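Have the coordinates open as you read.

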Amino acid sequence: MTSKAFGLAQLGNAYSDGALSNRNKIINGGMVIDQRNAGAAVTVNSNAASFFSVDRFSGLGNGSAGVFTLQQDSSAPAGFVKSLKAVVTTIDSSISSENYRVQYKIEGNDVADLGFGLATAKTITLSFWVRSSETGTFGASVKNSAQNRSYPFTYSVSSADTWEYKTITIAGDTTGTWLTDTGVGLWITWSLGGDTNNAAGAWIGANSIGATGQINLMATLNATWYITGVQLEVGDTATPFEHRSYGQELALCERYYTTLTTATLRNAVANYYVTSDVSHTTTMRAPPTVTYSFSTAGSAVADNDSASTSSRVKTIRFQCRFTTVTTTGLANFSNITADAEL
């Protein structure tokens with residue numbers, strides 16, 4: 001019997017930087033984390049606002065009439081248990097300058113190693129599983145934060161309602177400004193309709209959501225589009241999807257969005273402000289936007305409730321004023337969410 005040792009170089013060009021783990025720059029690419037909605041559908045209308053479904057993935061409509069829903073779904077190819085599903089609920093068949101898309105924004109810190117904007121920019125490969133009720137050519141794009149550098153590309157869906165695996169290799173952009181901080185470093189959009197002005201396969205100095213020749217999914221009522229197994233990595237080869245543990249995936253998502261336990265305040269002096277600092281489970285990308293429900297118990301009366309983050313990325317300071325006090329009086333901040341999404 002003979003044995004054979006394999007070095008990193010023998011594993012292919014995708015591993016040329018020595019990365020056997022942490023290859024995937026996409027968080028929640030398997031669509032398993034859904035902190036906001038717990039599997040419920042989210043309606044994406046035409047008001048040009050982002051609506052988040054599963055963590056880190058959002059939908060946006062910028063049109064005159066079209067509406068679609070996004071929802072975590074249990075349909076998935078072998079090796080996966082969840083996907084993100086889009087369903088057209090109101091059609092928009094006369095798209096010109098309008099666009100509808102699913103999108104993902106990567107933090108600049110996580111793509112700093114790509115060297116985009118430099119002569120040494122690295123090649124990247126995007127891979128994903130997709131399924132749709134409609135067949136034909138679909139459009140998508142990779143772009144920078146300023147949306148003035150884009151790489152439109154296309155992929156085809158050959159069989160209706162069948163999971164298909166797609167890979168796209170893109171030479172790194174050697175020009176433009178690409179953020180390497182806590183802002184948007186790289187932006188991926190999958191078009192569901194509109195913005196077909198730019199040819200696929202080359203970097204352009206303009207914003208692009210889709211590509212010339214793509215179909216308009218938004219023209220068909222109840223049309224469906226699913227995606228999962230999204231991976232973006234360095235190199236010219238798509239490697240098998242990097243499955244992280246549920247705990248690891250959740251912790252990564254909580255840098256951008258998290259829910260917190262109840263903050264309870266108590267005081268024995270009337271007309272006195274009381275504060276309580278609650279820590280996040282992880283350091284957030286930026287001081288978050290906080291939402292909460294406020295209530296009192298034990299016959300306490302309180303007002304002027306607030307949640308302050310200031311420059312804090314690890315704690316939230318809750319505050320209120322007790323106007324009357326009893327020995328059992330409490331003020332409760334509950335249903336707390338902290339949002340630092342890109």
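## A cavity to start with

The largest cavity holds about 50 Å³ of space. This is a predicted model, and a search of the whole structure turns up 1 cavity of 30 Å³ or more. So what lines the largest cavity? The lining is made up of Ser50, Phe52, Arg56, Ser58, Gln103, Tyr104, Lys105, Glu341 and Leu342.

Strand 6 gives the most, with 3 residues.

## The strands around the cavity

Several lining residues turn up again in the strand pairing here. Strand 2 (residues 50-52) pairs with strand 3 in the antiparallel sense, over 3 bridges. Phe52, one of the residues that line the cavity, has Ser58 of strand 3 as its bridge partner. The hairpin of strand 2 and strand 3 has 4 residues between the strands, and in this hairpin Arg56 takes a positive phi near 80°. Arg56 is also among the residues of the cavity lining.

On to strand 6 (residues 99-107): strand 3 pairs with strand 6 over 6 bridges, again in the antiparallel sense. Here Ser58 stands opposite Gln103 in strand 6, and both Ser58 and Gln103 belong to the cavity lining. Is strand 3 itself mostly buried or exposed? Of the 6 residues of strand 3 (residues 57-62), 5 are buried, so the strand is largely enclosed by the rest of the structure.

Now zoom out a bit. The protein chain has 1 helix and 19 strands. Among the sheets is an open one of 6 strands, in the order 1-4-5-12-7-10 with antiparallel pairing. Its edge strands are strand 1 (42-44) and strand 10 (164-170), each of which pairs on one side only. From one strand to the next, the twist averages 30°.

Inside that order, take a look at strand 7 (residues 124-132) and strand 12 (residues 224-234): they run antiparallel and are joined by 8 bridges. For a handy landmark, find Ser127, which stands opposite Gln231 in strand 12.

Strand 17 and strand 18 (residues 315-324) run antiparallel and are joined by 6 bridges. Ser306 has Gln319 in strand 18 as its bridge partner.

## Two asparagines with positive phi

Strand 17 has another detail to check. Asn304 sits in this strand and, although not a glycine, has a positive phi of about 55°. How open is its position? Asn304 counts as partly exposed because its relative accessibility is 40%, while the exposed class starts over 50%.

Asn335, found in strand 19 (residues 330-339), does something along those lines. It has a positive phi of about 50° and isn't a glycine either. With a relative accessible area of 58%, Asn335 is exposed, as that value is over the 50% cut-off.

What about the nonpolar packing? The largest nonpolar core has 52 residues, of which Tyr155, Leu186, Trp190 and Trp225 touch the most other members. Strand 11 (residues 184-194) supplies the largest share of this core, with 6 residues. A second, separate core has 18 residues, including Leu265, Met284, Ala338 and Ala340.

As for the whole thing, 50% of the 342 residues of the protein chain count as buried. Taken along the principal axes, the C-alpha atoms fill a box of roughly 70 × 60 × 45 Å.

Notes. Residues are numbered from 1 along each chain as its sequence is written. This is a predicted model: local features need pLDDT of at least 70, side-chain atom pairs count only at pLDDT 80 or more; totals for chains, interfaces and linings use all residues. Side-chain values use heavy atoms; hydrogens and water are left out. Two strands pair if DSSP finds at least two bridges between them. Axes are lines fitted to C-alpha atoms, for helices over the stretch in contact, and angles run from 0 to 180 degrees between N-to-C directions. Buried means under 20% relative accessible area, exposed over 50%, partly exposed in between (1.4 Å probe, protein chains only). A nonpolar core is a set of buried Ala, Val, Leu, Ile, Met, Phe, Trp, Tyr and Cys residues joined through side-chain atoms within 4.5 Å. On a 1 Å grid over the protein atoms alone, a cavity is a set of points where a 1.4 Å probe fits but cannot get out, and a pocket is an open set with protein on both sides within 12 Å along at least five of seven lines; lining residues have an atom within 4 Å of a point. Grid points are joined across faces, edges and corners, and a volume is the space filled by probe spheres set on the points.
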